[in-house]
Amino acid sequence: MKRVVVFTGAGVSADSGLATFRDSDGLWAQYRIEDVCTPEALQRNRALVVEFYNKRRKELFSVEPNAAHRAIAELERYFDVDVVTQNVDNLHERAGSKRVTHLHGELMKLRSERNPELIVDIDGWEQTLDARAEDGALLRPHIVFFGESVPMFDRATQIAAEADLMIVVGTSLAVYPAAMLVRYARSGVPVYVVDPGNPDTAMIRNPLTHIKARAAEGMPELLKKLVSELSE
Ligand code: OAD
């Protein structure tokens, strides 16, 4: 079975109703990264950071996976698939994808401020300000803030390096190291980009096809094409 890596960003969840970050109506037009997505922000203004992620989590309970998440899950009927996502939502898992690597953390998890290995699930949407981990330290959102290392990146690069096909969906390719993942595909491996905008594909050296469409349209279309090629 051919190995496929699907690398996703906020755009894959846009058609479910979740805002992206850098589009004109995106989250970073409403919030400053320094206020809600850095370790310093957590120290300086814990309440705002916790509230920001509580809002994201609450939204997540009101949305569903879309046709793109479902098409990505369906790829598993034909290929050996790994999803590597920058997203902190759980829509890939809810659509049925089995192997999902979250580069930037997960909304439905919290972790100890003292011990990054002490990760716990959160049941509802609300993290209370005084919630503590078993080690007595305060809990924080299980999110990779700007300025923090990306522990899952090494694993993601191994996955990318073994792929026979790479599909990139709904990411501006503006945040590093995540965006570097496209450089780990072996030479000659085809790369498909599904995005209605103009992500920064300049660093992709592989044969590139840009499907300029929304994820919920472009991804099912790509699934159909890849499946029909299998029987050729
Ligand atoms: P961005 O907001 O930077 O990029 C969103 C991408 O989705 C753009 O290329 C859009 O053109 C595309 N897009 C918009 N609507 C779409 C749709 N309906 N279907 C498909 N694509 C669509 O989001 P990311 O690239 O995911 O990190 O951002 C990367 C990281 O920056 C995030 O993981 C987050 C953010 O700061 C952290 O919070 C650590």
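Which residues in α6 meet which residues in α9? Keep that in mind while selecting the two helices.

This is a predicted model, in which local features need pLDDT of at least 70 and side-chain atom pairs count only at pLDDT 80 or more, while totals for chains, interfaces and linings use all residues. Residues are numbered from 1 along each chain as its sequence is written, and side-chain values use heavy atoms, with hydrogens and water left out.

**Stop 1: two helices**

Select residues 67-74, helix α6, and residues 215-230, helix α9. Helices here are DSSP runs of H or I with at least four residues, strands are runs of E with at least two, and both are numbered from the N terminus. In α6, Ala67, Ala68, Ala71, Ile72 and Glu74 meet Ala215, Ala216, Met219, Pro220 and Leu223 in α9. Contact means heavy atoms within 4.5 Å.

The contact residues divide into nine nonpolar, no polar and one charged. Ala, Val, Leu, Ile, Met, Phe, Trp, Tyr, Cys and Pro count as nonpolar, Asp, Glu, Lys and Arg as charged, and the others, Gly among them, as polar.

Axes are lines fitted to C-alpha atoms, for helices over the stretch in contact, and angles run from 0 to 180 degrees between N-to-C directions.

**Stop 2: the sheet of six strands**

Next, select the open sheet with the order β3-β2-β1-β7-β8-β9, where the pairing is parallel. β3 (100-102) and β9 (208-211) stand at the edges with a single partner strand each, so one side of each has no neighbour in the sheet. Two strands pair if DSSP finds at least two bridges between them.

Inside this sheet, pick β1 (residues 3-8) and β7 (residues 165-169), which are joined by five bridges. Val4 stands opposite Leu165 in β7. Then bring α9 back into view: α9 lies across β7, β8 (191-194) and β9, and runs at about 150° to β8.

**Stop 3: His92**

Select His92 in helix α7 (residues 91-95). Is His92 buried or exposed? His92 has a relative accessible area of 1%, so it is buried. Buried means under 20% relative accessible area, exposed over 50%, and partly exposed in between, with a 1.4 Å probe and protein chains only. Not counting residues up to four places away in sequence, the residues that His92 touches include Thr8, His69, Ile72 and Val100.

**Stop 4: the sheet of three strands**

Now select the open sheet β5-β4-β6, with antiparallel pairing. Its edges are β5 (119-121) and β6, each with a single partner strand. Neighbouring strands of this sheet are turned by 45° against each other on average, direction ignored. Helix α5 (residues 46-60) packs on the sheet and touches β4 and β6.

β4 and β5 pair over three bridges, and Lys109 stands opposite Asp121 in β5. On the β6 side, four bridges join β4 (residues 105-112) to β6, and Gly105 has Ile143 as its bridge partner. Five of the five residues of β6 (residues 139-143) are buried, so β6 is largely enclosed by the rest of the structure.

**Stop 5: a loop**

Finish in the loop between β7 and β8, at Leu173. Phi of Leu173 is near 55°, a positive value in a residue other than glycine. Leu173 is buried, at 2% relative accessibility. Pro177 is found in the loop between β7 and β8 as well, and the peptide bond from Tyr176 to Pro177 is cis, with omega near 5°.
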